[in-house]
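Here is a friendly briefing to read with the model open beside you. Take the topics in any order you like.

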Amino acid sequence: MYKKNIEIKELLLDKYKNSKTELNYKNEYELLVCISLSAQCTDKRVNIITPALFNKYPSTKELSKANIDDVKELLKSCSFFNNKSKNIIKMAIDVEKKFNSQIPYNHDELISLAGVGNKTANVFLIEMNNENRMAVDTHVFRTSHRLGLSKAKNVEQTEKDLVQAFQTNLAELHQAMVLFGRYICTAKNPKCENCFLSEYCKTKESFKPK
């Protein structure tokens, strides 16, 4: 591992020690739905809309039988609420029928669920199992490029680059990079004057995954 990578890793782990997702959830069902809804939507917005959703549909059993229009109404302030409404209902149906009403903790089984891709599955397993995985969202993608940890043009290769760069403590590092990108290394007007990693910064430009 390069000296620079070790230094960045240690600084991130120290700054964001024991950090967790900012999504509010009570169980694995709520977490999986929250992560699915958070795609291209802020955690703050997700936390506003999910209490009413979970009050009406407290488990996959109820959600699997939900009326699509009722779910859309609850999610209408969330980005892409039409597709997300369809996906979470289909996800609930699959959990009920294929997994005996239990959210799977296996990566391959998770990504077989509607609306659950690699990133969502990784975030779920990081949060619930503290698995040594890296999930690349827009914050992680942007900061990893600015710090020179990856030059990849897509999230899949960026994830591989970060796994190779850090190797261990990936769960903690994922959350650290999310918080770093959300509050310091922002897409617009990054807080460079308050950045504890500024000496490693390669560019001030924003990156967006394809």
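## A buried asparagine

With a relative accessibility of 7%, N5 counts as buried, because the cut-off for buried is under 20%. This residue is found in helix 1, which covers residues 3-15. Please keep in mind that this is a predicted model.

**What N5 touches**

- Once neighbours within four places in sequence are left aside, N5 is in contact with L149, A165 and F166.

- How many of the 10 residues of helix 2 are buried? The number is 9 of the 10, so helix 2 is largely enclosed by the rest of the structure.
- The buried residues of helix 2 are Y29, E30, L31, L32, V33, C34, I35, S36 and L37.

**Helix 2 against helix 3**

- Helix 2 (residues 28-37) packs with helix 3 (residues 43-56) at an angle of about 135°, and their axes are 11 Å apart.
- Helix 2 and helix 3 are therefore oblique to each other, and their crossing is right-handed.
- On the helix 2 side, the contact is made by Y29, E30, V33, C34 and L37; on the helix 3 side, V46, I49, T50, L53 and F54 take part.
- Sorted by class, the contact of helix 2 with helix 3 has 8 nonpolar, 1 polar and 1 charged residues.

**Helix 9 against helix 11**

- Helix 9 (residues 138-146) and helix 11 (residues 170-183) pack with their axes 8 Å apart, at an angle of about 85°.
- That angle falls in the range from 65 to 115 degrees, so helix 9 and helix 11 are roughly perpendicular to each other.
- Helix 9 brings H139, V140, R142, T143 and S144 to the contact, while helix 11 brings H174, M177, V178, F180, G181 and R182.
- By class, this contact of helix 9 with helix 11 has 4 nonpolar, 5 polar and 2 charged residues.

**Aromatic rings**

- A search of the whole structure turns up 4 aromatic pairs.
- One of the aromatic pairs is formed by F180 and F196, with 5.5 Å centre to centre and 65° between the planes.
- The pair of F180 and F196 is edge-to-face, because an angle over 60 degrees between the planes counts as such.
- F180 lies in helix 11 and F196 in the segment after helix 11, so their pair ties together parts that are 16 residues apart in sequence.
- Is each partner buried or partly exposed? F180 is buried, with a relative accessible area of 1%, whereas F196 is partly exposed at 22%.
- Ring pairs also link Y16 with F180 and F196 into a cluster.

**I184, after helix 11**

- I184 lies in the segment after helix 11 and is buried, with a relative accessible area of 12%.
- Which residues does I184 contact, leaving aside its neighbours within four places in sequence? They are Y16, L179, P190, K191, N194, C195 and F196.

Key
Residues numbered from 1 in each chain as written. Predicted model: local features only at pLDDT ≥ 70, side-chain atom pairs only at ≥ 80, totals over all residues. Heavy atoms only, no water. Axes fitted to C-alpha atoms, helices over the stretch in contact; angles between N-to-C directions. Helix = DSSP H or I, 4+ residues; strand = E, 2+ residues; numbered from the N terminus. Parallel < 35°, antiparallel > 145°, perpendicular 65-115°, else oblique. Contact = heavy atoms within 4.5 Å. Nonpolar A, V, L, I, M, F, W, Y, C, P; charged D, E, K, R; others polar. Buried < 20%, exposed > 50% of the residue type's maximum accessible area, 1.4 Å probe, protein only. Left-handed = near helix turned anticlockwise from the far one by under 90°. Phe/Tyr/Trp six-rings, centres within 6.5 Å; stacked < 30°, edge-to-face > 60°.
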